[in-house]
Amino acid sequence: MTLKHIGEFGFIRKISSGCLVRPESVIKGIGDDAAAFQTDPELVSLVTTDLLVEGIHFLRDSISGFDLGYKSLAVNLSDIAAMGGTAREAFVSIAIPDNCPLAYLEDIYAGMKKLAARFEVNILGGDTTGSRTDLIINVAVYGTVAQNELLSRDAAQAGDIIFSTGFLGDSKAGLHLIINGIAADSEDLKQLLQAHLLPQPQLREGRFLAQQAGLHAAIDTSDGLGADLGHIVEASHVGARICADKIPVSKNLESFCARFNFDPVDFAVSGGEDYTLLCTVAPDTADKVAADFCKTFQKPLFPIGEISDSGRLELIRPDGRRLNVSASGWNHFKE
Ligand code: ADP
Ligand code: MG
């Protein structure tokens, strides 16, 4: 048996038991976007870490050092955002093959520092080592959140309205251009490429959501709407219905899909790495949360469906057809 048989999430489940030997201070261990633990009576500490491996998460020929550094930090900040937190300190570990020019490495740090400065995150340390062939970058981020503002995947309730803080599917379209060597010869294709290479962590949006009455569960969209909403459904022991015609699809993705003959809904549901936030909100405060979000950020909070008690994740097509969505958006290893 290898990882292919149980998948990334099956593996994580397998290794989870026996990990906690001092459970008293732990609020969230393995299984949420970041670990949450108590270091202070009111303040919760958050820690998240993400590994980017050449050939798996990026192709060195197709991404500038700057964009790679920016993205390596962005994906971690996104996990802090999903917990409602403020990011504070970052640690960067890097395994460098002989053929990697110093200028590329310096660009990685330029990209990382640019984003770190924007969100007032210190880079406090890390580790450097050699690698036989692939460039590997690991970033870990520490953050904090007030105890009563901590967001998690496991708090959705039947009847909640599900929202996304932004468009879904753009990043997958950008990846399609890279993998297939298609030149971004128009403004819309350039923006799709940008969505894939320079994801914008929604830290301010996460802080806003954490302070709203009736805000129940949250997660960031790293694996795709199907998989990420699947994590909420599984952790909260609920179900969910998403309406295909409400899924926020950008004009850029629409024109990409028209040109290359794809279904934008497929891209939105199965595409990963958009790094928007998904949240579920009690029905009686959902309208107010959406209106206040729009006033604060000058952009919509998109309602895409509701939490049910069915135990299933269903997609309702405009013609009324109900499809079961599989949770395998970006499930590494599983065939
Ligand atoms: P995300 O996509 O939000 O970064 P992941 O799917 O990578 O989250 O991880 C889900 C959960 O599993 C997190 O709590 C993470 O810390 C934990 N996790 C992932 N891999 C491991 C591992 N090898 N050992 C222990 N915990 C892990
Ligand atoms: Mg996450």
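1. The lining of the second largest pocket has seven nonpolar, nine polar and five charged residues. Here Ala, Val, Leu, Ile, Met, Phe, Trp, Tyr, Cys and Pro count as nonpolar, Asp, Glu, Lys and Arg as charged, and the others, Gly among them, as polar. The model is predicted: local features need pLDDT of at least 70, side-chain atom pairs count only at pLDDT 80 or more, and totals for chains, interfaces and linings use all residues. Residues are numbered from 1 along each chain as its sequence is written.

2. The volume of this second largest pocket is about 420 Å³. A pocket is an open set of points on a 1 Å grid over the protein atoms alone, where a 1.4 Å probe fits, with protein on both sides within 12 Å along at least five of seven lines; lining residues have an atom within 4 Å of a point. The volume is the space filled by probe spheres set on the points, which are joined across faces, edges and corners.

3. Of the 21 lining residues, Phe-167, Asp-170, Ala-195, Gln-200 and Asp-274 lie nearest the pocket's centre. Helices H4 (170–179) and H5 (187–197) each supply at least two lining residues. H5 gives the most, with three. Helices are DSSP runs (H or I, at least four residues), numbered from the N terminus.

4. Helix H1 (residues 3–16) bends by about 75 degrees at Phe-9. The bend is the angle between axes fitted to the seven residues ending there and the seven starting there.

5. Just after H1, Gly-18 takes a positive phi of about 85 degrees.

How values were computed. Chains are lettered from A and ligands numbered from 1 in the order in which they are written. Side-chain values use heavy atoms; hydrogens and water are left out.
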